[in-house]
There are 2 protein chains.
Amino acid sequence: MAVLEILSDQRLFGGRQIRFAHDSAVLQCRMQFSVYLPPQATQQDVPALYWLSGLTCTDENFSVKAGAQRVAAELGLALIIPDTSPRGENVPDDPDGASDFGLGAGFYVNATEAPFQQNYQMYDYICKELPALVEAELPLSTSRAISGHSMGGHGALVIALREAGRYRSVSAFSPISNPVNCPWGRKALAGYLGNDESQWQQYDASLLLAQKKAALPILVEQGDADPFLAEQLKPETLQAASAASGSELELRMQTGYDHSYYFIASFIEDHLRFHARHLLP
Amino acid sequence: MAVLEILSDQRLFGGRQIRFAHDSAVLQCRMQFSVYLPPQATQQDVPALYWLSGLTCTDENFSVKAGAQRVAAELGLALIIPDTSPRGENVPDDPDGASDFGLGAGFYVNATEAPFQQNYQMYDYICKELPALVEAELPLSTSRAISGHSMGGHGALVIALREAGRYRSVSAFSPISNPVNCPWGRKALAGYLGNDESQWQQYDASLLLAQKKAALPILVEQGDADPFLAEQLKPETLQAASAASGSELELRMQTGYDHSYYFIASFIEDHLRFHARHLLP
């Protein structure tokens, strides 16, 4: 069997929207992800924007709902859209079947707690295994940017701050900005990492950003009608951390927008153009 | 209770994506539909493009997947997105639960056969009851255009050809162009109208277009990798009919595109601009 199995391959804005399956050594399960290859990829290797999705999502939500491929086709950017957790019958889930932990909710960490540590190594999957795989198999350069929504905005910020040399720019929509201090984050970090909160700090974008000046530009988009804003998202902690470290963060508050893909669709063009300024020669 | 119940109301590209419920007198059931109001609608009445969806869809597919609101916001067009059939526990469905007849598959006809004739009056719902309702309740002018996909492309063409005075332009993606001669169409027309095929002709876009020169411009988009092209869609019959009547039809074949919303998303901007040329002063 090929390293990458093609599940579907559809024409979109002159390029190709492809869904792949592959065996992940890091996650120890079979995974699916989607890629958009812009028309330019038939002629040359193109840079890639990784998109990390939020709670309950798969690779399909962003693919279908955000409308990002139109601008990616214009700019010559590939989109790499992974799933949000390991998957499969043998992968442990939240014991109560909740939607904010376990399947669809990997939080982009490397788990250390049983029974999750065998499969839930999403941090390494996103920043190591998946890029190595797609850059070997697809017409991609090694110029990378990363973005995401909600839980995926958290993941994008944490990965970009810790692995700055691997990415040229980072952006986020409605990120969980300070997971050590919000209910979604505390549940996930305790579940995947255990109760020693000192282990959580490596996965908190606000704590990371306060400690050290970011080596890459950061754009954050937040709707002020987002029902999760005050309790779960807390973008003000990111802004304070950025000020403390002298980092380059632009936080844009958008009046009347909520937490949905309609918000993402409204501003994804700005984010792609932001990343293109840093990715393209 | 208000005539229109608001189920959701979300900011999108500076306008509002609203989902409504209402009691339909024509369909004798409670119905849902979606509307996109562009930013311009806060200042003035705006023209409306009606979008008729295909088999199995509700108002949500086009709302979420097509990316049409971006261009609608730029042009100042409202989008009116109805459901594809009457709905509810008391509405009869396909006896075998098939997806090409009954719920989600009203085919935009006025049924005459029992047990469907009581509820399945989608033709009158789309071209009479719904426009009267939304034009009374929302900031809409009476300038209307109509478009749709597959079964909805059939519906848009038939309604526009028969009710040309009510619409300024019509377009379709992958329409069922000659339903009296394809399996989907023959099943639906027999089920809703009975076995007298002379009654079917009033719902066949190719037969209507061959009989009489269309009073409005027609744009049809078709992917050549569409798996339903040869057996179900038959756009060549529409082209022959248009030539016979001297009508203004542009049929665009698009290489490599399939029947999905990725195809619609790739070309919806062209359709909105086509309609805007006829709708706007």
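Is the crossing of H2(B) and H9(B) left-handed or right-handed? View 1 has the answer.

This is a predicted model, in which local features need pLDDT of at least 70 and side-chain atom pairs count only at pLDDT 80 or more, while totals for chains, interfaces and linings use all residues. Residues are numbered from 1 along each chain as its sequence is written, chains are lettered from A and ligands numbered from 1 in the order written, and side-chain values use heavy atoms, with hydrogens and water left out.

**View 1. H2(B) against H9(B), a right-handed crossing.** The two axes come within 9 Å and cross at roughly 30 degrees (axes are lines fitted to C-alpha atoms, for helices over the stretch in contact, and angles run from 0 to 180 degrees between N-to-C directions). H2(B) and H9(B) are therefore roughly parallel to each other (under 35 degrees; over 145 is roughly antiparallel, 65 to 115 roughly perpendicular, the rest oblique). Right-handed means that the near helix is turned clockwise from the far one by less than a right angle. On the H2(B) side, look for B:Ala68, B:Arg70, B:Val71, B:Ala72, B:Glu74 and B:Leu75; they meet B:Ile268, B:Glu269, B:Leu272, B:Arg273 and B:Ala276 of H9(B) (contact is heavy atoms within 4.5 Å). That makes seven nonpolar, no polar and four charged residues.

**View 2. H3(B) and H4(B), oblique to each other.** Here residues 122-137 pack on residues 151-162 at about 60 degrees, with the axes 11 Å apart. This crossing is right-handed. B:Tyr123, B:Ile126 and B:Cys127 come from H3(B), and B:Val158, B:Ile159 and B:Arg162 from H4(B). The tally is five nonpolar, no polar and one charged (Asp, Glu, Lys and Arg count as charged; Ala, Val, Leu, Ile, Met, Phe, Trp, Tyr, Cys and Pro as nonpolar; the others, Gly among them, as polar).

**View 3. The largest pocket, about 830 Å³.** A pocket is an open set of points on a 1 Å grid where a 1.4 Å probe fits, with protein on both sides within 12 Å along at least five of seven lines; lining residues have an atom within 4 Å of a point. Of the 50 lining residues, A:Val64, B:Lys65, B:Ser260, B:Tyr261 and B:Tyr262 are closest to the centre. H9(A) gives the largest share, six residues. The lining divides into 23 nonpolar, 19 polar and eight charged.

**View 4. The second largest pocket, about 290 Å³.** Its lining has 16 residues, with A:Lys65, A:His149, A:His259, A:Ser260 and A:Tyr261 nearest the centre. Seven are nonpolar, eight polar and one charged.

Technical notes
Helices (H or I, at least four residues) and strands (E, at least two) are DSSP runs, numbered from the N terminus. Grid points are joined across faces, edges and corners, and a volume is the space filled by probe spheres set on the points.
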